[in-house]
Amino acid sequence: MLTNLELKQRKVGYIWETLYGWHDTGTGGDTPSDPSKGLQPVNRHYSSPEPKRRLNELIQVSNLRHHIIPIPAAPATLQQISRVHSHEHIERMRQQSTLPKGGDCGDGGSPFGHRAMDIALLSSGGAIAAVKAVMNGEVEVAYGLINPPGHHAERDRGLGFCLFNNSSVAAAYALQERNLKRVAIVDWDVHHGNGTQDIWWDNDSVLTISVHQDRNFPVDSGFVEERGEEAGQGYNLNIPLPPGSGNATYLAAIDEIIVPALERFRPELIILSSGYDAAMMDPLGRMMVTAGGYAQMTQRLLEAADQLCGGKLVVLQEGGYCQYYVPFCGLAVMETLSGQDSGFQDEYEPIVKGQIRETITNEQRSYLKAAYDAHFGVGRDSAPGEQRHGK
């Protein structure tokens, strides 16, 4: 599947635990099944582990299995979780998790099974293990194929299939246990990373960047005007994009907004919240990114990490709901991280190739301009964080 990218071979750590595939989200769609409303049960909830399990199996039967270093995960401790979540939220998840048939993250559409908190702690622990392996020099980069996802979980509540905010738990570990001063979290899941934004809203140690479909989920957040406050003013960057945006628009967002913001912030570690629901064919997104697009996007962030923080990049799994295409998107990212060919090709892009735009429309360009102007200021010479960190 490797494109004509000039790829560097790297030691890649890889986290997958069997229990990630046991996270039980029951049946139903956006709401539970209800015969009185005509809502039938379905064989899998949107957030079923199936796409991620299939990604792991595709990796294991590909040539990449010879070029990745397995990293075991241990559950995050309650102390590690409490750095980014309130006691009340943690206790609520614990109580819901002890119910005989499980509970819900908090929005009524995010069910989980009995003892789900155990798996959620293992997911956050996998994020920590990925950061630890990179910081210890055991690997150059790491991919945490963890589940359940985390970027919608706010400090005080769960939301959108997320119990705990894995990337934020990992960032807090890097700051408090590894003594880093600046960590960047880049989120390209199709949905706004509202939880990550909420947790670091008034903090200048973490630069949070979310590129997402405008008004998808949550519909009332993710706008360019949301930039943080107090110490965190200017350290939250939102890049909402219109439905239909594909590779060209996402790459422009990375080249023109995300990388310049990273260069000014100069992180010591970059964490990528990688959802594949901006891909073509996803049932919860309306974007048209291809596996090849994800490969190019990953390469851009690898180059930024090489330039800014000694290559320290950790990729953590978020969403992605098409069981057919998620595995090929994740495989493309893993190929790019490792610089190795998996031996497989993207079998789905040719099916919809004629629907994919290779250029940026005027509407998409206007969204990029609005995001750029909000983040950097019209006519400004510096980006958020430049002066405060003395860069």
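A search of the whole structure turns up 9 aromatic pairs, where rings of Phe, Tyr and Trp (its six-membered ring) pair if their centres lie within 6.5 Å, and planes under 30 degrees apart count as stacked, over 60 as edge-to-face and the rest as tilted. One of these is edge-to-face: tyrosine 276 and tyrosine 294 sit 5.1 Å centre to centre, with 85 degrees between the planes. Tyrosine 276 lies in the loop between E9 and helix H8 (291-309) and tyrosine 294 in helix H8, so the pair ties together parts that are 18 residues apart in sequence. Helices (H or I, at least four residues) and strands (E, at least two) are DSSP runs, numbered from the N terminus. Tyrosine 276 is buried at a relative accessible area of 1%, and tyrosine 294 is buried at 0% (buried means under 20% relative accessible area, exposed over 50%, partly exposed in between; 1.4 Å probe, protein chains only).

The model is a predicted one, with local features needing pLDDT of at least 70 and side-chain atom pairs counting only at pLDDT 80 or more, while totals for chains, interfaces and linings use all residues. Residues are numbered from 1 along each chain as its sequence is written, and side-chain values use heavy atoms, with hydrogens and water left out.

Phenylalanine 328 and tyrosine 348 also pair edge-to-face, at 5.7 Å centre to centre and 70 degrees between the planes. Phenylalanine 328 counts as buried at 12% relative accessibility. Tyr324, Tyr325, Phe328 and Tyr348 make up one aromatic cluster.

On to the sheet. It is open, with 8 strands in the order E2-E1-E5-E10-E9-E6-E7-E8 and parallel pairing (two strands pair if DSSP finds at least two bridges between them). Strand E2 (68-70) and strand E8 (236-241) are the edges, each pairing on one side only. From one strand to the next, the twist averages 20 degrees (axes are lines fitted to C-alpha atoms, for helices over the stretch in contact, and angles run from 0 to 180 degrees between N-to-C directions). Strand E5 (residues 141-144) is joined to strand E10 (residues 313-317) by 4 bridges, with glycine 144 opposite leucine 316 in E10. Helix H9 (residues 326-338) packs on the sheet, touching strand E1 (12-15), E2, E5 and E10, and its direction makes about 165 degrees with that of E5.

Leaving aside neighbours within four places in sequence, tyrosine 143 is in contact with residues including Tyr14, Tyr276, Val315 and Leu337 (contact means heavy atoms within 4.5 Å).
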